[in-house]
Amino acid sequence: MPSAVNGPNFEEALDHVILGMFTSTNTPQNVILTVQTASEIQTKKKYPVLKTHLEEIQSHAQQHGLTTATLKRLLEVLTSPNALDHTTQKALFKILYPAGQVPSHLICMVVNALGYGSRKASVSNQQLLLKWMNVIHDVLEDNSILSSLYSVFFNLLDMNSLRADLCPLLAQITRRKHVRPFRVQMLQDLSQKVGREPALSKIMQIYDTYAPGMLDVKKSTGRVPEFSHPDPEWANQLQRILEKADHLSADPLHQREATPSFRRGPKRLRLSASVEGSYSLDRIDNAEDLVNNVEKVRITGLATSDLDDPVLQIYVTLGSEDSHTEDVNECLSKAFMQQHESLTSGRDAKKPLVEVLDEALAYTQYTKTLPKPVMTFLEKYLPEWLPPQHQGIILDLLSHIPLKTFSALQTTLLNPLETALLSAPTITNPLPTLLTFYTTLLTKWTAPLLSSPSAPTPSQVAILLGLAKHTNLLTQTLLTTSPTASTISLILTHLSSLPLLVAPPLSIPLPPPPPLTTYLIIFTAPSLSTLSRLCSLLTSWKVAFESNASTARDQGQIESLNAALMDTCNLLFRSRAFNAADGHALGCLIPPPVVTSLSTYTSGLDPPQPLTSLFSLSHNPNVSALSITAFREVEDSAEDKQPGSVAVRHAGPITTKSLAQLGREGGVKMGWKEYRVLVLRWLEGVGVSGIADFGAATMPGMKGGQDAVARAKAGVA
């Protein structure tokens with residue numbers, strides 16, 4: 001770097017630089033040279049055009065970032081003693097946006113400027129340099145450079161002026177391999193010397209995670225807050241710059257926000273290997289490294305914070321050693337034992353329960369297996385649990401419980417879960433939450449059964465039967481206490497997951513939805529979508545039963561499904577509502593005296609309306625408008641093809657008698673069967689396929705009306 005210019009040479013150097021800038025293009029390199037020269041002038045005289053140059057650099061840096069060469073020249077100014085005032089130097093730090101990945105030699109230059117000494121950067125600049133390294137941590141050319149310099153950073157902790165900015169950086173790069181007895185002792189001594197500083201307490205917590213019991217952290221009660229991001233706006237601007245760079249367009253960095261990644265820290269496994277010749281998971285950065293070294297990797301210890309690391313999850317899944325699962329179980333056992341002791345004693349645990357549960361959930365979601373220590377802890381915790389605390393995480397964990405005896409599940413987990421939710425004073429209606437949980441649990445049980453080459457075992461069948469009967473009661477309770485649109489949607493979603501288990505290849509003889517459930521939904525259906533979903537559900541059950549005709553099935557289940565099918569047909573297609581005389585029909589379980597009273601009432605309306613047809617396609621409140629629209633399209637089509645052929649149009653609603661009268665008076669001639677086929681085909685055409693599929697599955701005779709519909713559209717009698 002050029003030597004400083006002093007005394008009489010000041011004006012000569014100044015004129016030379018300014019002349020060079022105004023006689024050539026003001027490139028970022030020339031502007032940087034001007035700033036660099038000004039920083040070496042040992043005088044208090046203000047540099048005349050420095051403010052203009054700073055504005056030029058700032059504008060260029062915020063749009064394009066700084067190249068490695070330009071970044072190096074600015075860092076040379078900032079990492080050594082100079083004559084620039086603090087405001088100018090702080091402004092320069094604000095524009096240190098790298099245009100690409102930061103090479104290791106620049107990091108070494110920055111680290112070399114830290115510490116005591118006359119040739120080091122000023123204390124304020126050292127603080128800013130640490131903040132800068134914190135923010136650009138994820139854009140380093142070599143992610144291991146900071147780890148290699150760990151000793152230098154750690155030995156600077158005794159500098160009171162740097163500790164607050166140094167600890168966040170140490171928190172990001174500390175791994176198990178860095179935790180050594182002499183460093184633990186240094187932290188203990190420093191803590192006794194300076195007291196309970198939040199930043200130092202956080203580092204001690206991290207060390208205690210890797211080496212439990214070696215540090216005296218009992219005095220630090222409560223949770224130490226996470227380090228906040230030094231400058232989120234600056235980091236987001238850096239990300240925008242990098243996204244514009246062609247050579248970094250595929251960098252995974254651009255897939256995430258800067259602020260959240262800083263708060264949680266990079267996802268790198270805090271494990272080390274103790275076997276000679278083994279390979280540390282700390283050194284694995286991608287799938288290729290893992291595949292090439294999978295046989296060399298040895299796990300010597302685990303912390304719960306490691307369980308949500310993708311590398312560990314992949315390794316444990318691919319590994320052939322059963323001891324890996326034992327390591328995970330042992331780690332979780334220790335963690336949950338501490339949590340249980342904390343809950344019973346009333347003292348705060350070293351780590352919040354929500355963090356341990358969240359880390360266990362991340363591992364569970366990847367492996368699709370709930371570790372045994374988690375189940376053991378939840379069996380003890382659920383009786384004392386106060387929802388909605390940790391509710392989402394606990395329900396997600398319980399949705400991975402394995403298939404085991406249903407009575408055992410009810411005793412140890414499900415009954416305590418339901419009791420906790422039902423007795424929670426802050427939850428007004430926990431039943432939808434319970435049904436959603438059971439639906440998720442059933443779905444996760446179904447997937448492995450479908451992928452298994454063998455048939456379900458008798459014990460598995462018994463478990464599913466027990467769950468189906470339990471949820472049938474839950475759905476009926478929901479329908480009678482909270483028949484809202486969202487509740488009915490949850491019920492239909494749950495019931496729709498069952499036919500997959502009933503149909504081949506599983507052929508599990510689960511009971512269909514009770515007829516009462518069907519009736520409650522069809523009479524309270526808040527929308528056309530709900531009615532269509534119900535019809536689709538009934539069709540699925542009918543198809544599932546018919547595909548297993550050779551399977552031994554309880555006669556009561558067959559009669560129950562047939563009753564729901566027949567009564568629904570009578571309501572929608574046959575205009576025979578509440579008719580209990582047909583085979584299999586139950587008259588929607590409406591007592592005959594009530595039917596008689598309702599019939600008397602509807603007969604007295606003006607005009608009189610027959611009760612039996614008030615729920616048909618023409619009168620149903622969810623379908624009636626669409627039905628008359630479909631018929632009027634036929635009338636319009638006939639009139640277009642033969643003008644004057646439609647002398648009278650139907651005013652609606654359409655019935656068997658009104659169709660016959662319309663044909664006699666010169667309107668469209670169409671029979672009742674053809675009309676129903678028309679409506680079903682029209683509904684299918686607009687996406688309401690559930691009702692159309694149900695009609696095709698339960699009323700085969702209606703298929704013959706398609707030709708008549710075509711003739712009616714053509715205006716042919």
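Guide: Helices are DSSP runs of H or I with at least four residues, strands are runs of E with at least two, and both are numbered from the N terminus. The model is predicted, and local features require a pLDDT of at least 70 while side-chain atom pairs count only at pLDDT 80 or more, although totals for chains, interfaces and linings use all residues. Residues are numbered from 1 along each chain as its sequence is written, and side-chain values use heavy atoms, with hydrogens and water left out.

The part selected is a nonpolar patch on the surface, formed by Leu516, Leu586 and Leu589. A patch consists of residues with over 30% relative accessible area and no salt bridge, in which nonpolar side chains (Val, Leu, Ile, Met, Phe, Trp, Tyr) are joined within 5 Å and like charges within 9 Å. A salt bridge places a side-chain nitrogen of Lys or Arg within 4 Å of a carboxyl oxygen of Asp or Glu. Together the three leucines have about 240 Å² of accessible area, as computed by the Shrake-Rupley method with a 1.4 Å probe, where for residues only the protein chains shown count as cover.

Leu516 belongs to helix H26, which spans 515-524. Leu589 lies in the loop between H28 and H29. For exposure, buried means under 20% relative accessible area, exposed means over 50%, and partly exposed lies in between (1.4 Å probe, protein chains only). Leu516 is partly exposed because its relative accessible area is 34%, and Leu589 is partly exposed because its value is 46%.

Most residues other than glycine have a negative phi, and most peptide bonds are trans. Ser575, in the loop between helix H28 (555-572) and helix H29 (592-603), has a positive phi of about 55 degrees.

The peptide bond from Pro504 to Pro505 is cis, with omega near 10 degrees. Elsewhere, a cis bond joins Pro387 and Pro388, with omega about 5 degrees; Pro388 lies in the loop between helix H19 (372-381) and helix H20 (391-398).

As for the rest of the chain, it has 34 helices and zero strands. Buried residues account for 49% of its 717 residues. The accessible surface is about 34,100 Å², and 54% of this belongs to carbon and sulfur atoms. Where contact means heavy atoms within 4.5 Å, 68% of the contacts between residues at least 6 apart in sequence join residues at least 24 apart.

With a disulfide defined as a pair of cysteine sulfur atoms within 2.5 Å, the chain has zero disulfides. Cys535 is in none, as the nearest cysteine sulfur, that of Cys569, is 8.7 Å away. Cys535 counts as buried because its relative accessible area is 0%.
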